[in-house]
Amino acid sequence: LNTMETPRFTFTPAAGDLPALMKKEHQELLLKWGLKDTVRSYRFHFDQPFGTYDGDVFLKNFFDSQAVLQTLQVLKSPTGLWGAPGAPGQVKRVDAASVPCSFTSMSFFDRLYECGVLRPTGHINGCVPDVVDGMNIDNELSKVLLVADSDHYDTFPAADREQLLFRLFTHLVVGGPLNQYDDYIAPYFDFTRALYKDLVTVAKDPVSHQIVVTSSVYSVEAVDGLAPFFPVSARSQNFLYVSINPTARVATVLYNAWAGD
């Protein structure tokens, strides 16, 4: 690796946490759902135009950036030790996948009412308690999200489950190791909507006149050259999303690490 190579994109930290994470009622929900100590967000300005074909070089420059690595903190151990993932100039390869984020409405989730997971009041129907990958399941909502052989799992096909909106919703519902589930759906919908609005930017397509998402989002599993991002591997609640707003030239990181067994 030529560490003297001039990066195409350079980064400077942007002030402020994501608004959705700073709201008092959302802070209380993160605590209730066991996520308050493990969810973090970071924002950075960048200096060059970004196109969807620039993803690989952008992410390599991002994780090689001194400004990013001096700011970004990841969980080093389940006991709560945080630290930088490494030093700049070490990145050989970024293991990342593009995350589809084409949805512009929460109506996608109406089918939870239609299949009977939710009552008309928004109450979440319960189920026989179970444990899946260390996560407690005691309602039909968790089952439809996590249990592949459950009655309503096919309510959301694989392509829908890849969407960022579905991923954020799942992360909030599943929560952390000490999650206390809400009985009603409204807090999950409200928080998911706010977080999604913070992470993606929309604009009107000049041809179709439809509202479309203009952001590019990547899920980063690991970076060859940096330390692991997650102390407990192979957990669905481990995530590091990088959302790129090409208009404002802002990159946002949303991070969580599973801190259980």
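**View 1. Asn245 in strand E11 of a predicted model.** Asn245 belongs to strand E11, residues 239-245 (strands, E, are DSSP runs of at least two residues, helices, H or I, of at least four, numbered from the N terminus). The model is predicted: local features need pLDDT of at least 70, side-chain atom pairs count only at pLDDT 80 or more, and totals for chains, interfaces and linings use all residues. Residues are numbered from 1 along each chain as its sequence is written, and side-chain values use heavy atoms, without hydrogens and water. Asn245 counts as buried because its relative accessibility is 15% (buried is under 20% relative accessible area, exposed over 50%, partly exposed in between; 1.4 Å probe, protein chains only). Beyond its neighbours within four places in sequence, Asn245 is in contact with Phe46, Thr201, Ser215 and Val250 (contact: heavy atoms within 4.5 Å).

View 2. Helix H2 spans residues 24-32, with His26, Leu29 and Leu30 buried. These residues lie on the same side of H2 because they cover an arc of only 100 degrees around the axis (the arc of directions from the helix axis to the C-beta atoms). Lys24 and Leu31, on the other side of H2, are exposed. Cover for the buried residues includes helix H1 (19-22) and helix H9 (186-199). Gly34 follows H2 and has a positive phi, near 75 degrees.

**View 3. Charges over rings.** The charged end of Arg40 sits over the Trp82 ring, 3.6 Å from its centre (NZ of Lys or CZ of Arg within 6 Å of the ring centre and within 35 degrees of the ring normal). Arg161 has its charged end over the ring of Tyr153, 3.6 Å from its centre.
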